[in-house]
Each structure stands twice: as C-alpha cells, then as structure tokens.
Amino acid sequence: MLLGEQEQFLSYNGEVLVFQLSKPKHVEGVADKTMNLCVRRMVFNRETKMFVQKSSGAFSMHANSKIEMVCCSCTTDSRTGIVLPCILMKKKKRNSIKYLLLLLRSSNQFEQSFHFKLDYELKEDIRLFAGPSVLWRHANKLFYISSNTCVVQSAPFQLSSIVWTGEIVGEGTVILGIRTACLPESEDTDKLSISDRAIWGSELFGYAIQTQKMLTGTCFMPHAYSRVVSSVYICKNERLKKQLRVSLVAITHKNQLIWFQNGLPKGVCELPFKKPCSVKTAVTRSNDLLFVVSFACGNSCVVQRRDSLQVASKWQKVKSVLVDDFIGSGSEQLLLLFKDDSNTEVLSTFKITDLEAVNYASGISYKHDVPAAEGLQENGFLTVQALETRLQAGFTSVRELQQHLKLKQKVILESCRALINLVEERTHILPNAREKTFSCKEGLVSLWDDVENPPHSLRKETSLASEVPDHFTEKLWQRVVGDSLVVGVKLTESFSVSLSDVSLSLVMDQDFPSISPIIKCQSKIIKLNKAFSALEVSSCQIEPPPKKMKLDLHNKNDLKAEFPKRPSGVQQDSAKTVIAVTSLSPLLAFHRVCCAVLLHGKKQKHGNDGLQESKMVTVLCGKILLSLEDISNGRFSVNMLRDNSYCTGALEDILAVLAASVRFTFQIMSSDCTLTPVNSWLLGKMECTPFKECHDNIFCHKAGNVYGTVFNWSLKNPFEGVLTIFCRNLTVLFQCLHSLLRVLPPSCNVKLLRSGRKGVLTEELALALQKEMLILKSSFFSKERKAENSLTWENEAGEKISNAPLASLLDTVEGVQQFRKKFQKEQEQSVLSMNQTMNGALYQRIALKIAEAQLSSDMIVWRLS
C-alpha cells in the first residue's frame, strides 16, 4: 500500500477487514473522476503464522470532491437484526459536506444505508450504533441520525463530552456524557470553594435515545468522578427488581483505570502512559477479563482484573488494537498492529496474544521451534485427558440420576396399579423374584411382605370397599364445555356416604412411562330436588381466617372442604350428583385415553359410646373413554336449543354448564321501585329462555361473549330479589352487570353475596349450633351414665335397702344403722362419679367431633358476615 493512502482496520467474526481509499490506476486520455473504497478480508493462517487474503471488494464513488473515511464499526441492521460492518464516508465540497454511511455484506458488496448533508465538519465524539445510526457532538450539543428516519435530530441539553454509547437493558440505546452540573436553586455557585467547584461543576448523565429519557449518573459511578472521566466501557448491565445493575470500567485524565460495580468503585490502577483515550475488553480461555487501554501517543497496555487491577503488559508504537478470535480457539485474543515505515504490506507487523498460551508475532520463524511445540503438544494431551475424565464422571452422574428417576417412577406407577386393583377388588400381583432381587440390589425395600395372611389392619382397610352397596351409581356421564372435561356421577338415594366429604378423581388406565396416571381435577357437588324447584352448586370455598386452633387429625384436602347441609326436608327429597372438572387439552395430547372414575367419601357409623365413627372409602364408579375423534365429531358437546320458548338441554348438559362455570350471587334491593325490569331484561335484551327441565334457571342465547351464561332470578318480595349468575369468567360477569345496571333504577342497591341466601344460611347456622350442642351434651354425659349404670348394678347385686319412710327408720336402732349405711353408699357413689377416668382414644374421638362441629358453625358465620 502506498504511503498517503487512507486505511481503517476492523475485526469481524475472526477476520480482519482492511478498508483502503485510493484512486484507480491512471489511464492516458481518461480523466480521473472516481475514487475506490476497497475492502480486503484477511484471515490468520496457523501453518504459516501469517495473515492471508480471503476475499476482496470495492465501491466506486465520483471524485469531484474530496473523499475521506471518518470511522468504521460493527453495528446491528434493524431490518434483519444482523451485525454488519459499516463505514462512514465524507465528501467535502466548498459550501457543504455530505456524509455517506455504507454497509458491507458477506458478498463484499457495499450497500448505501443513508446520507445527510451538514454545513460543518464532524470532528468530536463521532459514534456509530445500532440502526445503523450516527451520533456526534457539535457546539456542546448532541446530534444523531438513523436509517429509519434519515433526519438529523438533536437532544434538548448541552454536554461537554461523550464517554460511552451502547445498549442498556430496558432502555435501548443509551449515551453517557459529561455536562455542567445542575445545582439546586438554594445553592449559590459563587459561595462554593475552588475544590467544591472543581468537583461539583460537572456531572455524568445518561440519555436514552429511543425514549428520550434521562438517567442519573449515580447508578454508574459516584458524582465526584464525573469531572475526571474521559472514557467508559460498560461490561455488564442487568435489571434486578426494576433496579439497574451496572459493571463498568473508566479511564480518567489522571492516567488511572477505575473499576465500578453498581455505582461504587471496586479497584483502581495507575496506567503506564499519559493521555489514555479509549478502553475495551477481552475474555481469555481461562475466563479472565482483560482491559485494553489505548493512548493518544500510539501506545497500548493491558490491565488484568484478578485479586486487584494491575498492568499485565504494555506496548509502544501501536497503530491499532483489535479484539476477536483470530486463531479459532473459541476465546478472544488481542491483535496489535505496529507502525512500521519500512514495510508497506498490510498486516506485516503484528502480534496475537491472550497473555496466556497464545503468542504469535510477525517476523518469528516457528519451523525450528520444536521443543516449544513438543511442550505445547504434551500440555494439550494432558488437558484433553483431564477433560475426558471430567466428562466421564459427569456421564456417570447423569446415568445414576436417570436410573434413580426410573426407579422412582416405577414405584409410583406400581402404587397406582395397586390402588386401582384394590378399588376394583382384584388381586394385585407383586413383582416376581427376579425383579425383587434387582430392587434389592438397587437399595429398594418392598412395602408389602409376601405372606399368605395379611395383618388384621390391612384386611380391615381392604374390606371398606365391600361395605359400600353394589348399586350406588345411578348414572355416569361426561361432557365437554369449552376447554374443560366434566365427568358426573349421579348417586342413588340409598347411598349413605356423607355428602360433605364426597369427591371424584380420575385415573388413567393406560401405562404412560413418563407421566403420572392421576389426573388433577376439581370436585363439585350438585343437589337437585325432584320437583326442580331449587338448584344449588357447592364448590371449593375460601376458608375464613382462623379465630383459634382447630383439631384436624385427617389433614383434609382443599377440594374436600366441609359443605353445609341443606335442611332435612330438602335433603330427603333430592338427587345427589358429584362432578369432577379437569382441563381437556392435556388429555387430548394422547389422542385416546381411558380413565377410571373413583369416588371418595366418608362412611358414617354409630359406635357403642353414642359417637359417630367415620371411615374413608374409595369405590369405582366406572370408566370413561375419551378420544380426539369423538371430540371432533361433537359426541360429548353440550346442546342448548330453543323449542317453544324453552331451552331443551338435557339435565346432564345443564349440570355440565353449571359445573364448568363460576357462580356469583347478588342481592338486589330497591326502595321506591319494583324489580320488574330484571325479568324483562333477562327475557328481552339478554334473550334468555328457561330450561325445560328446570324452569327457575334460564339460559342466555344472546350472541357474543355472554352466550352460554345461566341466570337464576328469585323474588323475595317486589322490592328485593336474588340474582345468581353462572358465567365462564369475570369478563362475562362484568358485561352482564354493565348491561343490568343500565336498566335498573338509580336507587337500586346491588350487593355481592359470599354464598347462598341469607335466610338459608341462617337456618343452616341454627342446625349447626344445635348439632354442636348435642355433641357436647352426648360427649360429656356419656361417661357419667356409664358410672351411674355400674353403681346401680353394684347396688342391685349387694345388700338390698328398704325404701321405708324416714321417720320410721329413726325410731329404732336398727333403722338408724340402716339409714347410716344408705347415706354412706350415696356418698361413695357421688365420689366415684366425680373421679371417673377416660380412655385416650375416646377422648380423641370426642375432641375431633367437637372441633368438626365448631368448624362447621364458624364457616357458616363467616359466610353470613
């Protein structure tokens, strides 16, 4: 390359891009009116230890004006998100200066991104950033232009220098600059001392270009350092709990390099040369962070950050310093290009180093350096051996974890099979001897002993299912409502399991080795009387805040919460339906699924002591088959059609819609107007029709989001009523309430009820308190009755005492002795009845019954409040 020709160096994906601006060769008789911008892609050859040319390209421009290269950098193209080399060119004419930004494609073709004209020359703080965009400083003002707008814009502030430009998380492109400090109005700058004026006269600040947002400089470094900082490089930035965390390194006019962590200085190092101008970083193969500092005099140095900041190496007469993976080792190295006037070849004098094992330099013959090569080869072999050992240990750990997970899953699946066989009253076959031997080798212990006669407790538990009547299920059905699968079990009236503790669970009958066969679902209980005059859906409710500690020996699940019972008059004339609701989409991933439907509940039994004993039972209700083909054909879909002003949905369809919906109950009261508009609103604007099977509940046929909503409107008197809404989500609820409030008089009061009607809850509370009182009475007096019975039996077996009148007994000596004996007997009976002991198991059952009764009454009180 001839002297006087311009050149710029840029590293890109391990390559060195050399940009040269020169005139083409002169041809006689042809006027020279063009200028060529040439690029050469140079790669490092590890065999010859020299840079060789990989490819080249050129871009021609008219030379009717003076053309120069301003700067080059690698920036992101906003159209594709790809980082490309770009170079800023300048065409200088007499009256104006035109700037041209070019992008270099992988095919070595230059693409003009945009151009702009200025009446002054760019000289201060010129930066290229994502877009591509150009930023500069002129007359203490910030200007920038982007390829998206192609219009020069300015920032509404003044600054004295720009120290960094880059991307910050959550802010986009941000510039850090130094400006005159804005002191509070209460501060008088004339009263500040010389030292205070030197410190507080300048401040560091940040400016987000896209959002035009100002950032305080204290999150980057303390205010006192603002005046001496000349350049900054942000190594890492992130946001934790909406707070910006920044790690950066800064060079100062005092020839220092300072490391800042989250706005606080963590280390400082004295630099070996004067006038540092820029700093960049490099990460070596040992994950060490190097800071490369360039100086205005053409020198460079590297600072390492280990225990403290210290200068690791320094060089003089450096033309350029590039950071990239030039040798293809997977880590970064430094490429130092030195000034050499005697050699005109490109990349003739260089040095590649990472201050560790990599160290290549031009002018050194590596052919005769055999001992060093053998040493490097031996070190590499030892390194490979160590890495292979670590990989082998890692593979061994992974295999052990995989075996452990397989064994855990095998135990879980075997337990599920045993549960299903137990419910279906089938004999569960334990693993054979070979599998047992394998399990013992793996450290597993069998939970069952392979004996002919199981323990009495196990026989007792397995016999619970047989205590349930064979024909307790009247009907098993399934429906699909939106993204929910609804499975219902209608129980017979002879089924004596407590309604408050009934729940359903679904267990897949197939063996899938990677998932658990138990399906997560939510249980609901629906009680519908035969006259269809009342319909109530009980679902899981939020437990009230505890006022005192309650005894809970069974550790009840949230889905098996205690539901209040209806009055006996309604309970006797009612059909019970237990429903399970689960998500449909995970099941459809298997295309065809067979599930067993299990019912769980409590079997109530009266003991000899007058207390009720409850036993948990699990019975099989049947199996359901679900396939993607049936869902596509609409086999289990809900059909709600109009027929002569009625909705002809089947009873199962009604129950499925109610179970898959969310229930809200509102009390509507009016002081001066009747509530007739509510019924007109339901039948008119909402296009509702009553169910043919249940007239009190009406189905909404209006098109839109509210379609499928079920309403229940009950008037207590012309001025007060209760509206129950069964809707899919809160959005539908708000739409219904918004439409209702537009037709109600302004004086109406709409109040959300937590659960049920107030009158029904009051009746339930009275029954719960009565039950609690009876339990307390029967519990505390049962032992006293036993003591009286035992003493009466002793009296009957002992000496008989006559019931003669008291006056006749005191007349004779024998009578007085008989009276004294009777009086002593009564005293002994009184003492014995006062000193009775109680068995621990009996006391536990009594305490549990009392706690359950109190918890039920407290729940109803909370719902009434």
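Contact here means heavy atoms within 4.5 Å. Keep that in mind as you explore this predicted model, in which local features need pLDDT of at least 70, side-chain atom pairs count only at pLDDT 80 or more, and totals for chains, interfaces and linings use all residues. Residues are numbered from 1 along each chain as its sequence is written, and side-chain values use heavy atoms, leaving out hydrogens and water.

**Stop 1: two helices**

Select residues 676-685, helix H9, together with residues 730-741, helix H10. Helices (H or I, at least four residues) and strands (E, at least two) are DSSP runs, numbered from the N terminus. H9 and H10 pack at an angle of about 120 degrees, and their axes are 10 Å apart. Such axes are lines fitted to C-alpha atoms, for helices over the stretch in contact, with angles running from 0 to 180 degrees between N-to-C directions. H9 and H10 are therefore oblique to each other (angles under 35 degrees count as roughly parallel, over 145 as roughly antiparallel, 65 to 115 as roughly perpendicular and the rest as oblique).

Now show the side chains: Val678, Trp681 and Lys685 of H9 meet Cys736, Ser739 and Leu740 of H10.

**Stop 2: two cores**

Next, pick Leu485, Leu504, Val597, Leu599, Cys621 and Leu626, which touch the most other members of the largest nonpolar core, a group of 26 residues. A nonpolar core is a set of buried Ala, Val, Leu, Ile, Met, Phe, Trp, Tyr and Cys residues joined through side-chain atoms within 4.5 Å. Buried means under 20% relative accessible area, exposed over 50%, and partly exposed in between (1.4 Å probe, protein chains only). Another core, of 24 residues, lies apart from the largest one, and its members include Trp681, Ile725, Val732 and Cys736.

**Stop 3: a threonine in a strand**

Go to Thr165 in strand S13, residues 161-168. Thr165 is buried, at 18% relative accessible area. Setting aside neighbours within four places in sequence, Thr165 is in contact with Arg127, Phe129, Leu135, Thr173, Val174 and Ile175.

**Stop 4**

Most residues other than glycine have a negative phi, and most peptide bonds are trans. Select Gly131 and Pro132 to find a cis peptide bond with omega of about -5 degrees. Pro132 sits in the loop between strands S9 (124-129) and S10 (133-138).

Then try Asn108, whose phi is positive, about 65 degrees; Asn108 is buried, at 6% relative accessibility. Finish at Lys275, with a positive phi of about 60 degrees; Lys275 counts as exposed, at 63% relative accessibility.
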